[in-house]
Amino acid sequence: MIDLHCHVDLYPDPRAIVAEAVRRECYVLAVTTTPLAWNGTKQVIAGSPQVPMGLGLHPELVLERASEIEQFIDLLPAAKFVGEIGLDGSPRHRESLPLQIDIFRTILEAVARDGGRVMSIHSRGAANETLDELERHAGSSTPVLHWFSGTTRELQRAISLGCWFSVGPAMLKGEKGRKLVELIPIDRILTETDGPFTRSGSEPLFPWNVEQAERALGGIWQVDSLEVRQHIRDNLSRLVSKAGIGGRRE
Ligand code: MN
């Protein structure tokens, strides 16, 4: 199983999540929301190759944490993946959008200068703005749009720009999300949970709950869950080797 977007450090007991993910042979990209969380998260994960980390600066936090861009740049050479980064144009964060764009651009340019990365990208309420920046500044990086919620047209634009997509149980639950997923080429899809922000009943989603996404994808692609899992695994290998980041050390 593969969870390409999970906030491992934000569960009450991150070490237990890592141990359980390893036990279940679940590959987890532990995205972070602030550069200050990097070192702590690294300690928790303790170098498990099955749980790589993404260096992030979440757009919802940019207003208070823009100054952490310096730490971001310092830590970047040690980061195998980048994320969660991006833009949020929803009503609560719209006001900080110009600052978010500044920071996003600075990050994209730094990443491009450092050889590019696979990047997990947030684009809620700002799909076109996000794609504008990726088009101009992503360089050789490979963007993976996480929980994409734009229009069909924006999705087509993202596909033609070479973006990949990570989709989770929450996105696949709604009609709109499912319709978008049907249009994504099957060789550009990964699974994710976005836990612990997403829930199933009273519990947060855990990385291994990507099973729910595998089942939903199986319904869309008309194949069984095991075939979906194999397919997602092949996609991940291609994503990582294409980005040429296999040899990079954390
Ligand atoms: Mn997230």
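What follows is a conversation about how some labels on this structure were reached.

Modeller: Before you start, this is a predicted model, in which local features need pLDDT of at least 70 and side-chain atom pairs count only at pLDDT 80 or more, while totals for chains, interfaces and linings use all residues. Residues are numbered from 1 along each chain as its sequence is written, and side-chain values use heavy atoms, with hydrogens and water left out.

Biologist: Thanks! What makes strand β2 largely enclosed by the rest of the structure?

Modeller: A residue is buried under 20% relative accessible area, exposed over 50% and partly exposed in between, with a 1.4 Å probe and protein chains only. Five of the five residues of β2 (residues 27–31) are buried, so the strand is largely enclosed. Y27, L29 and V31 point one way, V28 and A30 the other, and all are buried. By "strand" I mean a DSSP run of E with at least two residues, and by "helix" a run of H or I with at least four, numbered from the N terminus.

Biologist: How do you know that β1 and β2 pair?

Modeller: Two strands pair if DSSP finds at least two bridges between them. Strand β1 (residues 2–6) and β2 have three bridges, in the parallel sense. One place to look is D3, whose bridge partner in β2 is V28. Between β1 and β2 the chain passes through helix α1 (residues 14–23), in a right-handed β-α-β crossover.

Biologist: What makes a residue a donor of the manganese ion, and which ones are they?

Modeller: Donors are N, O and S atoms within 2.8 Å of the metal (3.2 Å for Na, K and Ca); water is not among the atoms, so a site may look incomplete. H5 (NE2), H7 (NE2), E84 (OE) and D194 (OD) lie 2.3 Å from the ion, and they are its protein donors. Their spacing in sequence is H-x1-H-x76-E-x109-D. Distant parts of the chain are linked here: H7 is in the loop between β1 and α1, whereas E84 is in strand β4 (residues 81–86), 77 residues apart. Both H7 and E84 are buried.

Biologist: Where is E84 in a cis peptide bond?

Modeller: The bond joining G83 and E84 is cis, with omega about 15 degrees. From G195 to P196 the peptide bond is also cis, with omega near -5 degrees.

Biologist: How do you know that the span of helix α10 agrees with its length in residues?

Modeller: The expected span is 1.5 Å times one less than the number of residues. For the twelve residues of α10 (residues 210–221) that should be 16 Å, and the end C-alpha atoms are 16 Å apart, so the two agree. The buried residues in α10 are V210, A213, E214, L217, G218 and W221. They cover an arc of only 145 degrees around the axis, which puts them on the same side of α10; the arc is taken from the directions from the helix axis to the C-beta atoms.

Biologist: Is Q222 buried or exposed?

Modeller: Exposed, because its relative accessible area is 69%. Q222 is in the loop between α10 and α11 (225–242), and its phi is near 60 degrees, a positive value in a residue other than glycine. W147 likewise has a positive phi, about 45 degrees, without being a glycine, but its relative accessible area of 34% makes W147 partly exposed.

Technical notes:
A crossover is right-handed if, with the strands pointing away from the viewer, the path from the first strand over the helix to the second runs clockwise.
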